[in-house]
Amino acid sequence: MVTLCSDEVNVLVLRYLQESGFTHSVFTFGNESLALKSPLQSKSIPPSALLTLLQKGIQLLEIEVGVEAGEKGDSTLHPPPCTHAYELLAVHERARQRT
């Protein structure tokens with residue numbers, strides 16, 4: 001299992017704010033969270049790291065919904081492509097149908 005500590009999340013959020021040009025937010029968040037002083041700050045963090053991780057998480061949720069549907073006999077091992085978009089802050093249509 002992968003572990004993620006709050007310092008790592010804070011550094012990723014700080015990097016996102018920097019890349020997005022939120023200079024005041026970078027100053028405030030960086031100082032309050034101590035992310036500006038974190039030893040993780042010196043590590044090589046790829047551009048758009050936070051967005052990439054969120055997108056991969058959404059893709060894994062999509063896979064999980066498809067696998068669960070297959071396990072319940074709701075579809076074959078390869079369910080038909082879903083026409084509904086996956087969103088970060090919304091319950092997906094297939095997940096809604098299971099409940």
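Author: Start with Asn10. At 17% relative accessibility, Asn10 counts as buried. One caution before we go on: this is a predicted model.

Reader: Why is Asn10 called buried?

Author: Buried means under 20% relative accessible area. Asn10 has 17%, so Asn10 counts as buried.

Reader: Where is Asn10, and what does Asn10 touch beyond four places in sequence?

Author: Asn10 sits in helix 1. Leaving out residues up to four places away, Asn10 touches Phe29, Ser33 and Ala35. A contact here means heavy atoms within 4.5 Å.

Reader: Which residues of helix 1 are buried?

Author: They are Asn10, Val11, Leu12, Leu14 and Leu17.

Reader: Val13 is in helix 1 too. What makes Val13 partly exposed?

Author: Its relative accessible area is 24%.

Reader: What does Val13 contact outside its sequence neighbours?

Author: Val13 is in contact with Phe29 and Leu50, once neighbours within four places are set aside. Take Phe29. Val13 and Phe29 are 16 residues apart in sequence, and their C-alpha atoms are 8.8 Å apart in space.

Reader: How do you know that the length of helix 1 agrees with its residue count?

Author: Helix 1 has 15 residues. The expected span is 1.5 Å times one less than the number of residues. That gives 21 Å, and the end C-alpha atoms are 21 Å apart, so the two agree.

Reader: What comes just after helix 1?

Author: Gly21, with a positive phi of about 85 degrees.

Reader: Which residues other than glycine have a positive phi?

Author: Leu34 and Ser48 are examples. Leu34 has a phi of about 65 degrees. Ser48 has a phi of about 60 degrees. Most residues other than glycine have a negative phi. Leu34 lies in the loop between helix 2 (23-33) and helix 3. Ser48 is found in the loop between helix 2 and helix 3.

Reader: Why is Leu34 labelled exposed, and what makes Ser48 partly exposed?

Author: Exposed means over 50%. Leu34 has 53%, so Leu34 is exposed. Ser48 has 32%, so Ser48 is partly exposed.

Reader: What about Lys37: buried or exposed?

Author: Exposed. Lys37 has 68% relative accessibility, and the limit is over 50%, so Lys37 counts as exposed. Lys37 is placed in the loop between helix 2 and helix 3. Its C-alpha atom is separated by 9.7 Å from that of Val11, and the two residues are 26 apart along the chain.

Reader: Now the interior. What makes a set of residues a nonpolar core?

Author: The residues must be buried, of the nonpolar kinds, and joined through side-chain atoms within 4.5 Å. The largest such core has nine residues: Val11, Leu12, Leu14, Leu17, Val26, Ala35, Ile45, Ala49 and Leu50. Two or more residues come from each of helix 1 (6-20) and helix 3 (49-71). Helix 1 gives the most, with four residues.

Reader: What does Leu12 touch?

Author: Ile45, Ala49, Leu50 and Leu53, not counting residues up to four places away in sequence.

Reader: How much space lies in the largest pocket, and which residues line the pocket?

Author: About 340 Å³. Among the lining residues are Val2, Leu4, Glu8, Leu12, Lys43, Ile45 and Leu53. Helix 1 gives the most to this lining, with three residues. By class, the lining has eight nonpolar, two polar and two charged residues.

Reader: What share of the contacts joins residues at least 24 apart?

Author: It is 52%, among contacts between residues at least 6 apart in sequence.

Terms used: Residues are numbered from 1 along each chain as its sequence is written. This is a predicted model: local features need pLDDT of at least 70, side-chain atom pairs count only at pLDDT 80 or more; totals for chains, interfaces and linings use all residues. Side-chain values use heavy atoms; hydrogens and water are left out. Buried means under 20% relative accessible area, exposed over 50%, partly exposed in between (1.4 Å probe, protein chains only). On a 1 Å grid over the protein atoms alone, a cavity is a set of points where a 1.4 Å probe fits but cannot get out, and a pocket is an open set with protein on both sides within 12 Å along at least five of seven lines; lining residues have an atom within 4 Å of a point. Grid points are joined across faces, edges and corners, and a volume is the space filled by probe spheres set on the points. Ala, Val, Leu, Ile, Met, Phe, Trp, Tyr, Cys and Pro count as nonpolar, Asp, Glu, Lys and Arg as charged, and the others, Gly among them, as polar.
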